[in-house]
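Hi there,

Here is the structure I promised to pass on to you. Have a look through it first, and then read my notes below.

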Amino acid sequence: MSPLLGANGPDSFIWWAWVGDHLDEIWERTVQHVQLTAIALVVGFAISVVLALVALRFRRTYAPITAAAGVMYAIPSLALFAFLVPITGLTLLTAEIGLVSYTLLILIRNIVAGIDGVPTAVREAADGMGYTSWRRFVAVDLRLATPTIVAGLRIAAVTTIGLVTVTALIGQGGYGALINDGLSRSFNTPIVVGATLSIAMAITVDLLLVGFERLVTPWTRAER
């Protein structure tokens, strides 16, 4: 029988009996991974919207805002968590500060680029129809910018799902806890399960966001 699929022993690539006996733990790690990712994306998107609105309203702020977000994005995740632990401890807050900081540059840039990409003629047409600035922003600018904004969300979501595994080093981590468990015991199965489910979650979330984009931007399909 193939050692990859059916050896059914602790030294196999994956030991199915272990998987069957640890379904509760795998489900618990799945819920934790989803929670860590969802909190980071919701908080990161909310902060990014505010900062993007500031950058759009006061153009001189765009460079310093993206520069600050870029510095946070450039810091290696392990170094960032090591820096935060003495301040906020081995907590959910520490994990989320790191995860949120990695979403900001991606989301701010895509929100601003999406709004800037709205054709001037479309804006002038909306103004000619009597739209106020705020109504035009919500009904026209934001709507036409949706594909670019969702593209940023897709990148941020996939990046965050991968980074969540690193937070296992500070007692969080979702699937990262399984991977760490396997590495500490030189036991393949938890590593394979954690890595495989992390990849599957990233692909699933990406496909869901693609479906969301198609749902809210039906005019893009009509143009093809």
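Which residues lie nearest the centre of the largest pocket? They are F45, V49, I111, L142 and I149, and the whole lining has 14 residues. Before going further, please keep in mind that this is a predicted model, in which local features need pLDDT of at least 70 and side-chain atom pairs count only at pLDDT 80 or more, while totals for chains, interfaces and linings use all residues. Residues are numbered from 1 along each chain as its sequence is written, and side-chain values use heavy atoms, with hydrogens and water left out.

**The overall picture**

The protein chain has 11 helices and 0 strands (DSSP runs numbered from the N terminus, H or I of at least four residues for helices and E of at least two for strands). Its C-alpha atoms fill a box of roughly 70 × 45 × 25 Å along the principal axes. Of the 224 residues, 42% are buried, meaning under 20% relative accessible area with a 1.4 Å probe and protein chains only, where over 50% is exposed and in between is partly exposed. Take the contacts (heavy atoms within 4.5 Å) between residues at least 6 apart in sequence: 72% of them join residues at least 24 apart.

**The pockets**

A pocket here is an open set of points on a 1 Å grid over the protein atoms alone, where a 1.4 Å probe fits, with protein on both sides within 12 Å along at least five of seven lines; lining residues have an atom within 4 Å of a point. Volume is the space filled by probe spheres set on the points, which are joined across faces, edges and corners.

The largest pocket has a volume of about 240 Å³. Helix 2 (23–57), helix 7 (133–144), helix 8 (146–164) and helix 10 (188–216) each give two or more residues to its lining. By class, that lining has 13 nonpolar residues, 1 polar and no charged (Ala, Val, Leu, Ile, Met, Phe, Trp, Tyr, Cys and Pro count as nonpolar, Asp, Glu, Lys and Arg as charged, and the others, Gly among them, as polar).

The second largest pocket, at about 180 Å³, is lined by L53, L56, R57, S133, W134 and F137. The classes here are 4 nonpolar, 1 polar and 1 charged.

**Helix 5 and its surroundings**

The axes of helix 5 (residues 92–116) and helix 8 come within 8 Å and cross at roughly 170°; axes are lines fitted to C-alpha atoms over the stretch in contact, with angles from 0 to 180 degrees between N-to-C directions. The two helices are therefore roughly antiparallel, the term for angles over 145 degrees. Residues making the contact include L99, T103 and I111 of helix 5 and I149, A156 and T160 of helix 8. In this contact there are 13 nonpolar, 7 polar and no charged residues.

Two residues of helix 5 are worth a visit. T103 sits in this helix and is buried, with a relative accessible area of 1%. Beyond its neighbours within four places in sequence, T103 is in contact with A40, L41, G44, S48, A156 and T160.

V112, also found in helix 5, counts as buried because its relative accessibility is 2%. Not counting residues up to four places away in sequence, V112 touches A52, A55, L56, R59 and Y62. V112 and L51 are 61 residues apart in sequence and 9.6 Å apart in space, C-alpha to C-alpha.

Happy browsing!

Key. Parallel < 35°, antiparallel > 145°, perpendicular 65-115°, else oblique.
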